Amino acid sequence: MGVFIVFFLFIGAAIDFLHFDAFTRAGPALPVATLFALGFAVVTTLTAYYGGSDMILSSLGAEKLNLQIPEHRELHNIVTEMALASGSPMPRIFVIFDPAPNALATGTNEKNAAVCVTTGLLTLLDREETQGVIAHEISHIRNDDVLLMTLVSILLGGIAILADWGQRGFYGSRSGRRLAGKNILLIIPLLILIALSPLIARLLAMAVSRQREYLADATAAQYTRNPSGLARALEKIRDAAMPFHKATRGTAHLFLINPLRRGVDERDGKIADWLASHPPIERRILLLYRMAGMSQPLVQGSKVQMVQ
Amino acid sequence: MIFVIWAIIFVLGIWVISTYNGLTALRLRIQNAWRQIDVQLKRRYDLIPNLVETVKGYMQYEQDTLQKVIDARSQAMAAKGVKESAEAQTALTQSLGKVFALMENYPELKASKNVSDLQEELTTTENQIAFARQYYNDLVTQYNTKQQVFPSNMLAGLFGFKPSEFFEVAEAEKALPRVNLSLTR
């Protein structure tokens, strides 16, 4: 995260230097481009931040629980249990009528926090497994991940704006003159860096997101004292794998597993993994089983054998 | 020189205030966590007579077990203090577990919607008690650790913070079932 902020400031400063003559005697006193891009990104993201959790929930078609239905009552009970285990107030609970098994958490503080699961998840998982999933989601809330990822997307948006200016400005004749007076050895690497900055920013953002997923898995294990529940849930979801169509790139990091991934072809070490919002599911399962003191499940697939 | 002394006093002052506040906040959270356990326990007391009434008709031959649950309940309700109530609760949990296990033998009991609703209610109450207790114990660990490690132990002694009691699980519940897999000759 710190790396992220430094990177953002560096890109901003580079553009200020190249196009506005900042940091020289002739230039303006403040790094104009950096501040402007930051301000713009903050305003757009703050609107998403305050109305955000409700906006996301309604865009996903989330509905309130109906406590007459036994399954919903069970879900309510499980969330109560996990709220107790984590020592946090009860979040709001929603369900999405969708067969794809998945879950998400939103809300930037404990008051507007919400946990949301699909009906597909409720039918697929048993009580213990659902408990693991809910614990993972509550961990996201407790670890302030939603807030963190909001910050990350502010910076991501800011860098996108800066890079856009940086590239556009380069072709104009006015800035061509400005560039003339500067050291060529400094200009070329900076221009390349600016051109690549949106990609680098996205890589950084996704790295942050993946780390938070591992952390949420670990915190979930701490709350339930039962890592195998979540591990089995992930296995079942992996085997049932289907994309969740209502999710978008902007909301993908909120989910339990990457809702945009189509297949089950998640393997370690592929370049695509660097751009993934979630760590490879196999690795998460493996780590959870290790926490439970078990080696890898013997049979890859639906049936998991418990080996002590 | 004077400036350095003031700076040291300032930093010390901040440290004292933040340690004191941290300990106090933990103590309040422990009290709150204890109340949470209490709420769950009360709910269990309310649910047990319901359960016994519902299953009594089906489980003709288990009157002893049911009576034990009722007795354990009244004992737990009478218990005072963290340690005593922890013990009574353990006895109650065990006798309830026996009833759940016996219920498996009565298919018509499991088929009843009333009973399955009640069972889910009791399951979640049991879980909620366990998780509330887990959270309570985690907080107590934090609180007690903070009172014993250097340097915050100096302040804890000075301001009279006392270690809290764990909500302990009796030995019987902790003991793992031992399975002997060695071949007999």
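Predicted model: local features only at pLDDT ≥ 70, side-chain atom pairs only at ≥ 80, totals over all residues.

Reader: How many helices and strands does chain A have?
Author: Elements here are DSSP runs numbered from the N terminus: helices are H or I with at least four residues, strands are E with at least two. Chain A has 12 helices and 4 strands.

Reader: And what share of chain A counts as buried?
Author: Count the other C-beta atoms within 10 Å of a residue's own, with C-beta atoms placed from the backbone: 20 or more is buried, 12 or fewer is exposed, and in between is partly exposed. In chain A, 41% of the 308 residues count as buried. For contacts, the C-beta atoms, again placed from the backbone, must lie within 7 Å. Among chain A contacts between residues at least 6 apart in sequence, 67% join residues at least 24 apart.

Reader: How do α4(A) and α6(A) cross?
Author: Under 35 degrees is roughly parallel, over 145 roughly antiparallel, 65 to 115 roughly perpendicular, and the rest oblique. The axes of α4 (residues 70-86) and α6 (residues 127-142) of chain A come within 9 Å and cross at roughly 50°, so the pair is oblique. Residues making the contact include A:Ile78 and A:Met82 of α4(A) and A:Ile134 and A:Ile138 of α6(A). By class, that contact has 8 nonpolar, 3 polar and 4 charged residues; Ala, Val, Leu, Ile, Met, Phe, Trp, Tyr, Cys and Pro count as nonpolar, Asp, Glu, Lys and Arg as charged, and the others, Gly among them, as polar.

Reader: What about α6(A) and α10(A), at what angle do they cross?
Author: Their axes come within 7 Å and cross at roughly 95°, so they are roughly perpendicular. Among the residues that meet are A:Gly132 and A:His136 in α6(A) and A:Leu230 in α10(A). This contact has 4 nonpolar, 4 polar and 4 charged residues.

Reader: Which residues of the largest nonpolar core touch the most other members?
Author: A nonpolar core is a set of buried Ala, Val, Leu, Ile, Met, Phe, Trp, Tyr and Cys residues joined through C-beta atoms within 7 Å. The largest has 82 residues, and A:Met82, A:Cys116, A:Leu230 and B:Tyr136 touch the most other members. A separate second core of 6 residues includes B:Ala72 and B:Leu92.

Reader: Is B:Phe167 buried or exposed?
Author: B:Phe167 is buried, because 20 other C-beta atoms lie within 10 Å. B:Phe167 sits in the loop between α6 (152-159) and α7 (171-174) of chain B. Beyond neighbours within four places in sequence, its contacts include B:Ile37, B:Arg133 and B:Tyr136. By comparison, A:Arg225 has 13 C-beta neighbours inside 10 Å, so A:Arg225 counts as partly exposed.

Reader: Finally, how many residues of chain B are in contact with chain A?
Author: 10 residues of chain B are in contact with 9 of chain A. The largest share of chain B's side, 8 residues, comes from α5(B).

Methods
Residues numbered from 1 in each chain as written. Chains lettered and ligands numbered in written order. Contact = placed C-beta atoms within 7 Å. Axes fitted to C-alpha atoms, helices over the stretch in contact; angles between N-to-C directions.
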